[in-house]
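Visitor: I am new to this structure and would like a close look at one part of it. Please take me through the strands and the contacts around them.

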Amino acid sequence: TMSPGPRAASVGPTGIVKRLKVGLESLTSYENHEGLLLCDGSDAMYEHSETWRWASGETALLNFVTVHKVVDGTITVWKDYWDMGSMTAQAPPTWLEDLASADTSWIFDASGLI
């Protein structure tokens with residue numbers, strides 16, 4: 001199962017920070033593994049992976065394709081594509097529950113922006 005992609009995008013600085021907190025705030029460590037970055041004007045696509053570690057001992061290696069719109073040096077739209085099944089198989093058992101109770105006020109449906 002793929003992630004929600006553009007249906008769960010974030011826009012603007014506040015939305016992007018809230019989005020990052022949902023994924024990263026509960027981690028004890030995070031590592032980005034560089035990959036392929038493609039840019040076309042204000043549009044950027046970044047194929048990369050990340051290692052997430054939780055205090056409970058679980059570690060997840062996640063493959064992402066991130067799509068950004070960058071205007072005047074600022075990310076204005078952020079969309080991610082990743083494998084939800086891979087994440088749930090590697091994350092702590094409470095991860096889905098924690099995700100369900102997280103602040104989702106940042107969610108913006110960017111489907112029409114593709």
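Guide: S29 has R53 of β3 standing opposite. Before we go on, please keep in mind that this is a predicted model, where local features need pLDDT of at least 70 and side-chain atom pairs count only at pLDDT 80 or more, while totals for chains, interfaces and linings use all residues. Residues are numbered from 1 along each chain as its sequence is written, and side-chain values use heavy atoms, with hydrogens and water left out.

Now for the wider setting. Here, 5 strands make up an open sheet with antiparallel pairing, and their order is β1-β5-β4-β3-β2. At the edges lie β1 (10-11) and β2, each of which pairs on one side only. The names come from DSSP runs, numbered from the N terminus: strands (E) have at least two residues and helices (H or I) at least four. Two strands count as paired if DSSP finds at least two bridges between them.

Let us follow β2 into β3. These strands run antiparallel and are joined by 11 bridges. They form a hairpin with 2 residues between them, and in its turn G41 has a positive phi of about 65°.

K69 and D43 form a salt bridge, their closest N and O atoms being 2.7 Å apart. This pair links distant parts of the chain, 26 residues apart: K69 belongs to strand β4 (residues 59-71) and D43 to strand β3 (residues 43-54). The term salt bridge means a side-chain nitrogen of Lys or Arg within 4 Å of a carboxyl oxygen of Asp or Glu. K69 counts as partly exposed because its relative accessibility is 30%, and D43 is partly exposed at 36%. (Buried means under 20% relative accessible area, exposed over 50%, and partly exposed in between, with a 1.4 Å probe and protein chains only.)

R19 and D80 meet in a salt bridge through their side chains, at 3.2 Å from N to O. In this pair, R19 lies in helix α1 and D80 in strand β5 (residues 74-82), 61 residues apart. R19 is buried because its relative accessible area is 11%, and D80 is buried, at 9%.

Last, look at the surface. L36, L38 and M45 form a nonpolar patch there, with about 290 Å² of accessible area together. Such areas come from the Shrake-Rupley method with a 1.4 Å probe, and for residues only the protein chains shown count as cover. Patches are built from residues with over 30% relative accessible area and no salt bridge, joining like charges within 9 Å and nonpolar side chains (Val, Leu, Ile, Met, Phe, Trp, Tyr) within 5 Å. L38 sits in strand β2 (residues 27-40) and is partly exposed, with a relative accessible area of 49%.
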